[in-house]
Amino acid sequence: MKQSALFLIFLFCSLGVFAQTSNELGFFFGGNSLRASYFPEYYSHPGDLASQYEPYFKDTSVPPVIGMYYIRNIGRRLGAGVSASFGTASGVCVDPATNKTLYTRNVRGVYFTPRIRYYYMKGRAGAMFLGSNLLLGFERQDNGAEGSVSRNICALSILPYGFKINLREYIGLFLETDAGFDFIGTKLFVGIRGGVSFNL
Amino acid sequence: MKKTVAILAVISFLCSCSQDGYFSGSNASFAAGEHYLVLLTTDLVPDCLNALEYALNYDYYGYYDKDNDQYISGGVSLRTVGAEWEVNSVKAIEGVKIKSTAINEWSLSWKGDYRPFPGDRNYDEKDRYVMEFTVTAEMISEASRNHFDWKVKLNATRKERKGYACTMATAPDLVYTTSTKSYIWDSCDGSATIDVTKDGNVIDFGRMDYMGQSHRYFRDLL
């Protein structure tokens, strides 16, 4: 119920129903500890016998993500918008008895993120902001000879924080970080993204 | 940014911490057998002994003939050989059956989802892990302290998902003692073993030796 309410709030914001004065378009690259290679079934039985003797998965890299966002500013302090991104992750399946790799797992995902921002500092030189994101996504996992599986993602970033520096009137650089909770995978995550933004 | 990373690092660290049991003297790897035996000796046996001691102390006050929410006694003192009580005073093993098998010796039996052991509590009742155990506790000393001293013999089985199961036992029996001021049993001597099976075939064996306030784990992965 809470998830549905939050989703509606973010969707409402992302549709830009509020008055606005200027818009922002950005392209970003970053990483997110939402380890896509860890699918929920491996978290639902923590520490039991099967989790000790069955092969387990571990990530080999921070999953990179690339995407773009569009923010509509609402007055001077608020902004609302959406982002779309594509991410990958890789991990290995390890046999606990021999500690050897059985196969490599690759994951690809697409994500859609309604987001809001609150600018607590904003001027010609740049801005600093807090916000909140709802990450909705779909991932496909390739397990080599073991086959493929899919899952959906629903995660709420509760602590996004970032800043932007305007290099020119129309262009700037930004960096943002967030922390949140993956409802479906039931795990905490942190992320960091940076890129270029255009003031439209 | 640095503050955020630092806060997240602290939270991650705190989340990864776990409290050691009574007899923590080992920092060996998280082998299933060792982990289970530690839970057995630091949680399950003390829960049983607490339930037994609560019932015996209750018995002292002469209310043994009363049935109430915590003790279903049948009107017979728990110190009477053959007496059988159902004890609900320890939540983790609520409903444990205690039977007096000899003078100063009791047998405790229980079946259910013993919470200190790992498992998924969100699953349906039928998918929960069932644990069944019998503990025989012989009172060694009844000195005027917070706890009595006990010699404990244990047999336990646990069934889990994907065909995994384990059998745990004591050999030789565990001896739990406590110092004058301690509110927990602060010393354990003896050994406990675990057999892990998958689909009925033994795949792992472990033995934990307890030496007072430390322990040592031996593993034989088959």
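The entries below follow the order in which I looked things up.

**Ground rules.** I worked on a predicted model, where local features need pLDDT of at least 70, side-chain atom pairs count only at pLDDT 80 or more, and totals for chains, interfaces and linings use all residues. I number residues from 1 along each chain as its sequence is written, letter chains from A and number ligands from 1 in the order in which they are written, and take side-chain values from heavy atoms, with hydrogens and water left out.

**Chain A, overview.** I took helices (H or I, at least four residues) and strands (E, at least two) as DSSP runs, numbered from the N terminus. Chain A has two helices and ten strands. From the N terminus the order reads α-β-α-β-β-β-β-β-β-β-β-β. I called a residue buried under 20% relative accessible area, exposed over 50%, and partly exposed in between (1.4 Å probe, protein chains only). Of the 200 residues of chain A, 46% are buried. I then turned to contacts, meaning heavy atoms within 4.5 Å. Among contacts in chain A between residues at least 6 apart in sequence, 65% join residues at least 24 apart. Accessible areas came from the Shrake-Rupley method with a 1.4 Å probe, and for residues only the protein chains shown count as cover. Chain A exposes about 9800 Å², and carbon and sulfur atoms supply 66% of that area.

**Cavities.** I used a 1 Å grid over the protein atoms alone; a cavity is a set of points where a 1.4 Å probe fits but cannot get out, and lining residues have an atom within 4 Å of a point. Points are joined across faces, edges and corners, and a volume is the space filled by probe spheres set on the points. I found three cavities of 30 Å³ or more. The largest cavity has a volume of about 240 Å³. It is lined by 23 residues, and the closest to its centre are Asn32(A), Val65(A), Ser85(A), Tyr111(A) and Leu135(A). Two or more lining residues come from each of β1 (23–32), β3 (64–74), β4 (78–95), β5 (100–122), β6 (126–142) and β7 (148–157) of chain A. β4(A) gives the largest share, five residues. By type, the lining of the largest cavity holds eleven nonpolar, eight polar and four charged residues. Here Ala, Val, Leu, Ile, Met, Phe, Trp, Tyr, Cys and Pro count as nonpolar, Asp, Glu, Lys and Arg as charged, and the others, Gly among them, as polar.

**Cores.** A nonpolar core is a set of buried Ala, Val, Leu, Ile, Met, Phe, Trp, Tyr and Cys residues joined through side-chain atoms within 4.5 Å. The largest has 52 residues, of which Leu44(B), Leu52(B), Ile93(B), Trp150(B) and Met168(B) touch the most other members. Helix α2 (residues 32–60) of chain B supplies the largest share of this core, 13 residues. Apart from this core lies another of seven residues, including Phe28(A) and Ile71(A).

**Single residues.** Pro64(A) lies in strand β3 of chain A. I logged Pro64(A) as partly exposed because its relative accessibility is 30%. The C-alpha atoms of Pro64(A) and Ala89(A) are separated by 7.0 Å, though 25 residues apart along the chain. Thr177(A) is in strand β9 (residues 171–182) of chain A. Its relative accessible area is 6%, so Thr177(A) is buried. Thr193(B) sits in strand β9 (residues 187–198) of chain B. At 15% relative accessibility, Thr193(B) is buried too.

Terms used: 1 Å grid on protein atoms, 1.4 Å probe; cavity = no way out; pocket = protein on both sides within 12 Å on 5 of 7 lines; lining within 4 Å.
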